[in-house]
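Visitor: Could we go through this model together? I would like to begin with one of its sheets.

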Amino acid sequence: MVKVRIWGSLTAATDGRSEVEVDATNLRELLDSLAQAYPGLQPQLKRGVTVAIDGLLYNDDWFTPISDDSEVVLLSRLQGG
Amino acid sequence: MALDKNAPETRSFKVVGSRPLRPDGIDKVTGRARFGADMSAPGMLIGHILRSPHAHARIRAIDTSKAEALAGVKAVVTRADFAAAPEGMEDVLDNCMAGEKALYDGHAVAAIAATSAAIARQAAKLIEVDYEVLPHVTDVDAAMAPGAPALHDGRSDETVPDGYSANVMSRVEYGHGDIEAGLAKADRVLERSYKTAATHQGYIEPHACLATMGPDGQADLWCCTQGHYMVRNTCAALLGMDQGQLRVTASEIGGGFGGKTTVFIEPVALALARKAGRPVKIVMDRTEVLRATGPTASSSIDVRIGMTKDGRITAADAELRYQGGAYPGSPVGMGSMSAFAPYDLENVRTIGYDVVTNRPKQAAYRAPGAPMAAFAVESAIDELAKGFGLDPLDVRLKNAAREGTRSSYGPTFPAIGLEATLRAAKDHPHWSAPLGPNQGRGVACGFWFNFGGDTCVTLNVTPDGTVTVTEGNPDIGGSRASMSMMAAEELGIPYEKVRTVIADTGALGQNEVTDGSRVTFAVGLATIEAARAAKREMCARVAKIWGIDEEAVIWEDGAAKPAGPNAGDYPPMTLAEIAAIASNTGGPIAGHHEVNAEGAGVSFATHIADTEVDPDTGATRIVRYTVIQDAGKAVHPAYVEGQFQGGAVQGIGWALNEEYIYGADGILQNPGFLDYRIPVASDLPMIDTVILEIPNPGHPYGVRGVGETSIVPPLAAVANSVSAATGVRMTDLPMSPPKVLAAVQGQQEG
Amino acid sequence: MSQIHVTTRLNGDETEFLCDAQETLLDVLRNRLGLTGAKEGCGTGDCGACSVTVDGRLVCSCLMLGAEAVGREIETVENMADGETLHPLQRKFLEHAALQCGICTPGILVAAKSLLEQNPSPTEEEARYWLAGNLCRCTGYDKIIRAVMDAAEEMRRAS
């Protein structure tokens, strides 16, 4: 199980919990598992998120590996200038 | 073959870190470089856009018949000439050409293509638009108030609680810990509200493009943009074309800073070209650029910070309200994430509201969302430190985020450079230099994420042993030089033997826009990998020639060599020697790399600003300015310094002069460079720079992006300096002379 | 609408063109004579990207009518280099990395050349005030001023 931290305004979709656990070995599985376990997250996942894995930022690469001891944090989708 | 696996910090470089001349330099100092407006085509028409004179109005009808009847007019388009936009693109289309409503002063409502600019302008006057003028709102706090004129109905997303106006599009919340408990431990809790005005990227080159489209549906577009692949994909979607049928060529780009990361005139030019059957060129004028492109958000921010008397922050809380113009998407999320990012905080929270107003839709502007948030937070920390009589650098050091700190936005930081920038600031002679009368010194920190994204690079070895690097990201500040340097470094050949070109959209796969400080990181990474692929191929060829295993050949100093004594005794073969016989050994040699480059490293900066305020006029002069920033690895230090200096000066303009001024009628009052005043040479001193290099583990050479962080600290650094010079805390940007004078006089009277 | 026939000296060569009465010199240079080195950044004389010299005087070509060029000597950025030899200012701009995007560079070079013709030994402050009519958004002016001062010094030594 991977522990995922989510940001405050999303906790409405996770029964108020700011950290949830899902089964995932890569980014795609992580996003799929989150959407399945917490349907309330789906609108935000559809709008897009950035995922911080062990402090580095990932946007789209489904097969980015995630291990059980990875630190995983969901972030609003980032955009640059 | 064995490749160099050195960790970035232990590696020594030959080319990277030097300062060669840029490959596009001669063209740019002789006037030969071709920018957006410098291209023309046989039979070309000139396009012109009719814009709304109202801040908010329903478009009841548009009658174009008189314009179409004018001699020389070849096509007129309105929203009716565009099909419904695909899902997710509706706002982009509506911003390029208004549908049911004009949502801001300057919103495009129709466009004409004619045989001359004069005829096109004359035709615009003949278009009759029947407007029903609606109430408007341009201020973020006014737009949030219940009962405010609503731009859209029912577009607030599920994150917005009940009780807000329909202009609040979304709400975000970040943080951890217990704010109230933390505040209770403080010796002082400071509560302050701050405001920043909307500013424009202010690139000197107005948007320009030249479109052609044939009856077979194939189209070509030349334009100045930060991302021609983005232009292709967006325009194809809005015009109902296949992406492969639209070839977009990026011109040289005359500045962007985020403002050229979307489309405005490009789909309109294509629609006109399609209808007229002739090439159409559209060039914005400066008024159009200011009224109708993408300035950044204005903000209104409340901050609460608790601090102990020895300078430890016990809790930090902020509410950020950003208006991002007429459509959802202000950078408040990034503002909320970045606000407290430099600090190691037990209790932290940011709440952000994305608000729409009757202003042009904001576009990215260099570290979008972060400078305003940093202005508020860094001002508050400065005020608290001063109140306790503490050194503001010591307070920041005491609270600085480090490797292992759980950041305010969630992730735990890997190795980061904030503390190093603070120590360098303390050690810098600027920090201890004496100040004159009416002068003050301010300091502030800044943070930015940096990005990667889709990237393609192809590296070709020519028969005479030179190398061309083909990449797909417009070069906005010298990146072709950086790519050539990284390719030369990796291949072990001189910089002069490599030429980097920016290819059109037909030449490479998808490339993310030149944004998020991503190019030196991501395109650099792909360039290095493409060079490694070419090296592998060359080693394989040489292995065949020598009749030994591929593994027994290594690449060193620009040549293939036997890996060791056991591999055999062969004289090294240089890249040029291998290239000369490529036809005999399997054909042309190339390397390419396609990747979604993830793993960008965050960066931090600390700025020191000295200002002098004229007590009689309120005018502020920048006396001295120093930028200290972590670059990871500076590939071309002169261009890194240039990014530091340019970002700092844009921030200085934001702090002191620049603002979008709307009248009560919702009309922009200052759409020109005379009244929208960006810094000029005589406003400024030299901008000192200190480049720190704390390698990014996500890049083979340790590169972090450098382009954006430099605009984050200056707003607060300058405000803290002006506050020190005047003795009055400045909380409302810009600190224009009348505002500063009023503050100084208010203090004298009070 | 009949056009005006203008004879002028452009970058040393006698040049003829036809233009409309309301056309600016900048439009004539760019659209009729193919000299796109001068840029339009604002069209109101505020940014200096269109700088040229007319009878040796620095002007914004967006503020002058094409018809007013009759009988004048116009010099543009395209004539700064002597064949393959760059003007010292051009060379110093490259050496100092005094350009990032390069859109303001032609105007700044023309303006700086005009400065050094009138004042071969400007102070930094004089250079900053002379160039205050040329906007650059990328560099913060630091490297531009360094390049101008360095070019001035080299030109003084050479003369």
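Predicted model: local features only at pLDDT ≥ 70, side-chain atom pairs only at ≥ 80, totals over all residues.

Visitor: In which sense do strand 18 and strand 19 of chain B pair, and over how many bridges?

Guide: They pair in the parallel sense over 5 bridges, strand 18 being residues 467–471.

Visitor: And what is the strand order of the sheet?

Guide: The order is 19-18-17-23 in chain B; this is an open sheet of 4 strands with mixed pairing.

Visitor: Which strands stand at the edges, and why is one side of each left without a neighbour?

Guide: Strand 19 (498–502) and strand 23 (589–597) of chain B are at the edges; each has a single partner strand, so one side of each has no neighbour in the sheet. From one strand to the next, the twist averages 15°.

Visitor: Which helix packs on the sheet?

Guide: Helix 15 of chain B, residues 479–491, does so, and touches strand 17 (453–461), strand 18 and strand 19 of chain B. The direction of helix 15 makes about 140° with that of strand 19.

Visitor: Changing topic: how many residues has the largest nonpolar core?

Guide: That core has 219 residues, and Leu30(A) and Phe93(C) are those with the most contacts inside it. Its largest share, 11 residues, comes from helix 11 (residues 370–387) of chain B. There is also a second, separate core of 50 residues, which includes Val461(B), Ala522(B), Leu525(B) and Ile528(B).

Visitor: What is Phe93(C) in contact with, beyond its neighbours in sequence?

Guide: Leaving aside residues within four places in sequence, its contacts include Val29(B) from another chain, and Thr105(C), Ile108(C) and Leu109(C).

Visitor: Is helix 3 of chain C mostly covered or mostly open?

Guide: Mostly covered: 11 of its 14 residues are buried.

Visitor: How far does helix 3 reach from its first C-alpha to its last?

Guide: Helix 3 of chain C, residues 105–118, reaches 20 Å, close to the 20 Å expected at 1.5 Å a residue.

Visitor: Finally, the chains. Which pair has the most contacts?

Guide: Chains B and C have the most among the 2 pairs that touch. No contact joins chain A and chain C, and their closest C-alpha atoms lie 14 Å apart.

Conventions. Residues numbered from 1 in each chain as written. Chains lettered and ligands numbered in written order. Heavy atoms only, no water. Pairing = 2+ DSSP bridges. Helix = DSSP H or I, 4+ residues; strand = E, 2+ residues; numbered from the N terminus. Axes fitted to C-alpha atoms, helices over the stretch in contact; angles between N-to-C directions. Contact = heavy atoms within 4.5 Å. Core = buried A, V, L, I, M, F, W, Y, C linked by side-chain atoms within 4.5 Å. Buried < 20%, exposed > 50% of the residue type's maximum accessible area, 1.4 Å probe, protein only. Expected span 1.5 Å × (residues − 1).
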